[in-house]
Amino acid sequence: MYALVLVEIGVKNVDKYFTYHIPDNLEDKINIGIRVKVPFNTREISGFVIKIINKIEDNNYEVKDILEVIDNEEVLNLELLKLGEYISSKTLCSMITAYQTMLPKALKANHKVAMKPKNEVIAVLNKDTSEIYEYISICSYKKQVEILKSIIENGSVKVISSNISSVTSLANKGLIKTISREVYRYNDNTIENKHTVFLNEEQSKVVKEVIDNLNTNNTYLLKGVTGSGKTEVYMHIIKEVIDRGMQAIMLVPEISLTPQIVSRFRQRFNNEVAVLHSGLSDGERYDEYRKIKKGLVKIVVGARSAIFSPFQNLGVIIIDEEQVTSYKQENNPRYHTRDVALFRCKYHNCPLVLGSATPSLESYARAKKGVYRLLTLNKRANNKLMPEIRIVDMKKEIRNNYHNISLELENAIKEKLDKKEQIIILLNRRGYSSMLTCKDCGEVIKCPNCDISLTYHKTSNTLRCHYCGYGTKVQDTCPSCYGRSLTMYGLGTEKLEEELVKKFNARVVRMDLDTTTSKKAHSKIIKDFLDQKYDILVGTQMIAKGLDFPNVTLVGVINADASLNIPDFRSSEYTYQLLSQVSGRSGRDKKEGIVIIQTLNPEHYSIKYAKDHDYDGFFNYEMRIRKKLGYPPYYYLTLIKILSRDYQLCMKEANKVGEFLRKNLPSDVIVLGPSIASTFKVNNIYHFQCIIKYKKEDDIKEVLRTIDNIYKINTKVRIEMDIDPVRL
């Protein structure tokens with residue numbers, strides 16, 4: 001017997017398969033999808049068994065034996081093996097890259113450190129309680145009495161260094177015994193709360209439509225206004241799924257949304273829920289993955305990577321806030337979570353539910369055409385009106401010396417603070433100031449590795465690059481003219497937080513990438529704000545979606561048009577979605593809410609439609625623009641990036657790629673570029689790009705594969721291909 005083993009060595013993005021002999025003592029242990037350790041030249045490596053064969057045709061070389069089996073069961077089941085093939089074909093990545101992406105670090109091929117389950121020793125009773133009480137009545141050792149009483153009350157006691165001698169004495173007397181049990185490293189201590197929530201008529205109709213079709217692979221787009229109770233709809237659907245003996249995956253776009261969602265699911269479903277996202281430690285992720293694989297849970301809640309949860313009997317997949325770009329992985333393999341979900345739902349013959357108050361234009365267009373089934377929630381669950389949205393023209397405010405916070409927003413903040421109500425302020429730019437420049441010579445202090453200005457962070461007194469992570473201390477003199485006229489420009493969340501504290505003497509908490517680096521920082525900030533330990537929450541786009549704070553009655557948006565300046569055809573869509581989503585955080589409970597949007601472009605259509613809560617109006621307007629310009633959903637896109645540390649070489653190869661595309665693609669396929677990418681230089685690597693617009697995927701796949709194969713072995717120039725990119 002022989003095994004074809006897939007390993008990760010040599011050139012990246014190139015699959016390496018090698019044939020090994022299966023020793024007699026390992027034949028019963030080796031299955032397709034299991035990890036094995038094999039000899040390779042002078043070292044030992046691990047890989048996945050992809051195929052088992054009885055004999056090999058070409059036997060002109062020495063076939064070495066597999067050394068050992070790493071796992072007791074397959075790491076990749078049949079579905080995941082097929083899913084890897086699909087991802088490889090869809091994104092043009094290697095098979096090994098696809099498989100490695102699906103697995104937690106501890107289960108990847110060639111993971112260096114063996115991960116083991118965490119165990120603890122506990123003491124339990126070994127005699128009837130009558131005998132225990134009899135011993136307690138005569139025992140003069142206080143510690144032993146405490147241990148016995150605790151075991152009677154709680155069922156067990158954890159054995160630790162401070163009680164081990166007493167436990168040993170009691171065990172020697174035969175009163176108790178010690179046992180080892182596995183404990184899971186992730187624990188959020190959520191209190192179970194199985195209260196019944198009654199759905200309104202709209203919600204009930206949506207739930208019925210989905211659960212009546214659980215054994216079909218329909219795709220539903222649930223378009224529900226903010227506060228319409230989409231999460232409650234999801235939980236009712238999932239309750240029906242697990243009652244029928246099946247399993248469910250619930251995805252949220254960002255870690256910042258996970259704590260509130262997990263808490264609600266744990267309260268409703270208790271120990272049926274596992275959690276998967278990148279904020280977990282390797283050990284926690286390993287434990288959660290094993291719980292799923294062993295069938296100890298029926299629901300997984302998590303971010304993008306949770307789509308690979310190894311369930312065997314999926315009944316539904318739900319993707320909340322389906323429009324968010326974080327569902328697309330930006331490094332290899334560049335898969336979209338929605339595509340993986342569609343594959344898995346087809347495999348399990350179960351429905352996919354895509355939910356959002358502001359669906360992506362592509363998804364809504366598919367729903368309009370009947371490719372997806374459209375479900376709607378047009379009212380808030382508590383029948384409250386949507387918040388009033390006011391637009392402030394900052395051009396007028398600046399003339400009146402109100403630069404960051406307008407007079408109207410200032411007055412509204414004071415009013416809400418007087419009423420002991422809470423406020424959310426959105427500014428989608430972190431740091432203190434976005435630019436440090438010299439007034440004398442005009443020099444802008446830039447990152448030495450990237451073509452971008454450095455952002456000032458006051459708490460650390462450093463200038464940082466938000467692309468490559470470079471940081472340096474702030475200098476007093478200009479590096480160009482040596483003058484002392486360095487001046488800060490621009491506004492970030494850190495500076496805004498400082499200004500709010502000074503102006504209103506309020507309790508302010510900031511939530512952005514800088515304040516959420518530590519473990520569980522997201523959940524702590526959210527819980528503290530929910531418990532009203534703070535009056536104002538300042539943050540970037542991570543506070544705009546999915547969060548529910550009953551006492552928030554005012555949302556302010558600073559520099560609402562900043563996202564309109566992004567060089568991307570989706571900039572208007574992103575702006576509309578961001579404004580609509582953050583507006584939905586206001587007035588979600590009994591109190592009326594208002595939203596104040598500050599902008600330099602009050603007449604822009606994305607801002608005007610957001611003010612009127614008019615998604616369909618925005619959709620129709622934007623679709624006319626997309627049709628004229630030939631962008632999705634009227635055309636598919638593929639982005640090809642050409643990268644090199646050598647500028648001249650990069651430009652030369654980019655021209656070659658553009659010429660090859662025009663020469664080999666059909667005449668109805670549009671090729672734009674090559675051109676300088678929006679992120680031209682990052683970490684000393686230059687970026688050029690070509691954009692391909694096409695109607696049929698089959699028209700371009702072979703040409704893309706050819707280019708990919710040409711540059712796989714090129715060490716000086718790298719090609720990145722992004723099919724259906726979310727950013728250009």
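This is a predicted model: local features need pLDDT of at least 70, side-chain atom pairs count only at pLDDT 80 or more; totals for chains, interfaces and linings use all residues.
**A short tour of helices, cysteines and salt bridges**

Are they buried or exposed? Arg 290 counts as buried at 15% relative accessibility, and Asp 287 is buried too, at 0%.

In general, side chains of opposite charge can pair when their charged atoms come close. How many salt bridges does a search of the whole structure find? The answer is 50.

Here is another one. Glu 410 and Lys 503 meet through their side chains in a salt bridge, 3.6 Å from N to O. Glu 410 belongs to helix α13 (residues 407-418) and Lys 503 to helix α14 (residues 493-504), so this pair ties together parts that are 93 residues apart in sequence. Glu 410 is buried, with a relative accessible area of 11%, whereas Lys 503 is partly exposed at 38%.

Moving on to helix α19 (residues 647-664), Glu 653 and Lys 656 are three residues apart there, which means about one helical turn lies between them. Their side chains form a salt bridge at 3.4 Å, N to O. Glu 653 is buried at 9% relative accessible area, while Lys 656 counts as partly exposed at 43%. There is also a network: Lys 90, Glu 697, Lys 701 and Asp 724 are joined by salt bridges that share partners.

Now for the helices. In α2 (residues 95-102), eight of the eight residues are buried, so the helix is largely enclosed by the rest of the structure. What do those buried residues pack against? They pack against the strands β1 (2-7), β2 (16-21) and β4 (43-53), and against the helices α1 (78-91) and α9 (282-293).

Next, look at α16 (residues 571-583) and α18 (residues 615-629). Their axes come within 11 Å and cross at roughly 170 degrees. The two helices are therefore roughly antiparallel to each other. Ser 572, Glu 573 and Tyr 576 of α16 make the contact with Tyr 615, Phe 618, Glu 622 and Arg 626 of α18. By class, that is three nonpolar, one polar and three charged residues.

Last, the cysteines. The structure holds zero disulfides. For Cys 447, the nearest cysteine sulfur is that of Cys 468, 3.7 Å away. Cys 447 counts as buried at 5% relative accessibility, and Cys 139 is buried at 15%.

Definitions and conventions:
Residues are numbered from 1 along each chain as its sequence is written. Side-chain values use heavy atoms; hydrogens and water are left out. Buried means under 20% relative accessible area, exposed over 50%, partly exposed in between (1.4 Å probe, protein chains only). Helices (H or I, at least four residues) and strands (E, at least two) are DSSP runs, numbered from the N terminus. Contact means heavy atoms within 4.5 Å. Axes are lines fitted to C-alpha atoms, for helices over the stretch in contact, and angles run from 0 to 180 degrees between N-to-C directions. Angles under 35 degrees count as roughly parallel, over 145 as roughly antiparallel, 65 to 115 as roughly perpendicular and the rest as oblique. Ala, Val, Leu, Ile, Met, Phe, Trp, Tyr, Cys and Pro count as nonpolar, Asp, Glu, Lys and Arg as charged, and the others, Gly among them, as polar. A disulfide is a pair of cysteine sulfur atoms within 2.5 Å. A salt bridge is a side-chain nitrogen of Lys or Arg within 4 Å of a carboxyl oxygen of Asp or Glu.
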